[in-house]
Amino acid sequence: MSRITLSRFLIEQQRKAGTLPPELRLLIETVGRACKAISFSVNKGALAGILGEAGTGNIQGEAQKKLDVIANDFLLDANEWGGSLAAMASEEMELPYHIPGEYPKGEYLLMFDPLDGSSNIDVNISVGTIFSILRCPAGIDHPTPEAFLQPGTEQVAAGYTVYGPQTMLVLTFGSGVHGFTLDREHGSFVLTHSDMVVPESTQEFAINMSNMRHWEAPVKRYVDEMLAGKTGPLGKDYNMRWVASMVAEVHRIITRGGIFMYPKDARDPDKAGKLRIMYEGNPMAFIIEQAGGAATNGYQRIMEIQPKGLHERVAVFLGSKEEVERITAYHQQS
Ligand code: P6P
């Protein structure tokens with residue numbers, strides 16, 4: 001069977017009635033090209049002198065790694081001239097990035113976390129890029145942050161690239177979820193995982209257990225029940241994983257099932273959670289739901305939340321539908 005590259009896949013999807021407008025196809029291909037450049041940099045690591053801190057901080061108050069800044073620049077440079085975008089927004093930038101005057105603008109808004117899990121870079125553990133694409137509201141020529149504040153159900157496409165043993169781009173534009181593996185010899189992403197599906201049930205959970213004393217009751221109840229194993233109320237033994245890289249966790253879950261949890265906790269009661277809704281919660285929720293899984297903040301679908309700020313945080317419970325529905329029910333009962 002001939003290899004289907006990302007470009008061929010997207011062009012064939014574009015030919016199908018209305019599944020992928022040409023401008024959106026071009027935008028996705030361009031994001032893929034930027035992720036390829038990020039992959040090559042991430043893989044060089046110390047050889048290119050790009051590990052460690054950049055010596056700067058971002059809007060989140062987090063120290064930036066050199067590769068955070070490099071990845072952010074790759075995504076801005078690759079996407080600013082293409083003509084598909086009205087503006088971009090990033091975890092690494094307080095305000096939206098506007099398309100320079102010399103380039104044409106388009107109808108889409110691109111948001112991204114350029115290098116999620118970057119605390120793992122210096123210890124050679126998988127990291128990733130997460131992106132989300134919205135339409136810019138009509139009539140807006142100079143998008144303010146408010147133009148981005150649309151619920152996740154408005155996303156027209158979302159994806160992530162995981163820089164692990166393989167570099168894989170996983171993508172949805174509302175017609176299922178498809179995975180592409182980077183062929184480094186040819187420099188192209190090749191379709192290797194069509195129509196990815198999250199198994200409905202699982203025996204694997206992912207949460208940072210060191211925060212247990214800070215959890216709210218529904219989370220404590222659920223994790224205790226899983227830890228009780230076969231003789232407990234859930235009647236089966238569970239295994240645990242925690243990579244501290246959301247992209248790696250989501251990729252594992254979409255491949256073999258599981259539930260990923262980053263709840264709100266008492267460490268900072270004013271914060272809804274650690275992860276950001278616009279470029280972590282929503283894109284991952286879109287992907288997981290398109291793969292037959294579920295994604296809530298404990299009370300409602302993440303994608304139905306009306307964001308109030310570009311860097312707003314959200315509690316995240318996502319993955320195998322059976323388990324997400326269970327912990328969501330515990331929250332709703334509490
Ligand atoms: P903790 C990475 O910093 C990140 O945003 C996610 O990718 C990851 O799931 C989470 O934070 C890890 O958080 O508190 O365990 O370090």
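## A loop residue and its contacts

Leaving out residues up to four places away in sequence, N120 touches I125, S126, V127, V243, A244 and S245. In this predicted model, N120 belongs to the loop between β5 and β6, and with a relative accessible area of 7% the residue counts as buried, because buried means under 20%. Distance along the chain and distance in space are separate matters, and N120 and L85 give a pair to look at: they are 35 residues apart in sequence, while their C-alpha atoms are 31 Å apart in space.

G117 lies in the loop between β5 (108-116) and β6 (127-135), and its relative accessibility of 12% places G117 among buried residues. When neighbours within four places in sequence are left aside, G117 is in contact with V127, A244 and S245. S119 is also found in the loop between β5 and β6, but at 52% relative accessibility S119 counts as exposed, because the limit for that word is over 50%.

## Positions annotated as binding sites

Which residues does UniProt list for "binding site" in an unreviewed entry? One such annotation names D116, G117, S118, S119, N208 and K274, and in the model the lining of the largest pocket includes D116, G117, S118, S119, N208 and K274.

Another "binding site" annotation, likewise from an unreviewed UniProt entry, covers D113, D116 and E280. These residues span 168 residues in sequence, yet no two of their C-alpha atoms are more than 8.7 Å apart, so they gather at one spot. The lining of the largest pocket takes in D113, D116 and E280 from this set as well.

Is D113 buried or exposed? D113, which lies in strand β5, is buried, with a relative accessible area of 0%.

Not counting residues up to four places away in sequence, D116 touches V127, G128, I130, S245, M246, V247 and E280.

The protein chain is divided into domain 1 (6-193) and domain 2 (204-333). The centres of domain 1 and domain 2, taken over C-alpha atoms, are separated by 24 Å, and the contact takes 47 residues from domain 1 and 31 residues from domain 2.

In soluble globular proteins, nonpolar side chains tend to be buried together. The largest nonpolar core in this model has 44 residues, of which Y160, M246, I254, F260, M284 and L318 touch the most other members. Helix α7 (residues 277-290) supplies the largest share of this core, namely eight residues. Where does this core lie in relation to domain 1 and domain 2? Both domains give residues to the core, so it lies between them. Apart from this core lies another, of 41 residues, including L6, I38, V127 and I133.

L318 shows in detail what one of these core members touches. Leaving aside its neighbours within four places in sequence, L318 is in contact with M246, V250, I253, G258, I259, F260, M284, I288, A294, A295 and V324, and among these M246, F260 and M284 are, like L318, residues that touch the most other members of the core.

## Another loop, and the cysteines

E312 lies in the loop between β15 (294-296) and β16 (313-314). E312 and K274 are 38 residues apart along the chain, and their C-alpha atoms are separated by 9.3 Å; K274 is one of the positions listed by UniProt for "binding site". Not counting residues up to four places away in sequence, E312 touches L275, R276, I277, I305 and P307.

How many disulfides does the structure hold? The structure holds zero disulfides. Among its cysteines, C35 is buried with a relative accessible area of 0%, and C136 also counts as buried, at 12% relative accessibility.

Methods:
Residues are numbered from 1 along each chain as its sequence is written. This is a predicted model: local features need pLDDT of at least 70, side-chain atom pairs count only at pLDDT 80 or more; totals for chains, interfaces and linings use all residues. Side-chain values use heavy atoms; hydrogens and water are left out. UniProt positions are given in the numbering used here, feature names are shortened, and annotations may be inferred rather than shown by experiment. On a 1 Å grid over the protein atoms alone, a cavity is a set of points where a 1.4 Å probe fits but cannot get out, and a pocket is an open set with protein on both sides within 12 Å along at least five of seven lines; lining residues have an atom within 4 Å of a point. Helices (H or I, at least four residues) and strands (E, at least two) are DSSP runs, numbered from the N terminus. Buried means under 20% relative accessible area, exposed over 50%, partly exposed in between (1.4 Å probe, protein chains only). Contact means heavy atoms within 4.5 Å. A disulfide is a pair of cysteine sulfur atoms within 2.5 Å. A nonpolar core is a set of buried Ala, Val, Leu, Ile, Met, Phe, Trp, Tyr and Cys residues joined through side-chain atoms within 4.5 Å. Domain bounds come from an automatic or database domain assignment.
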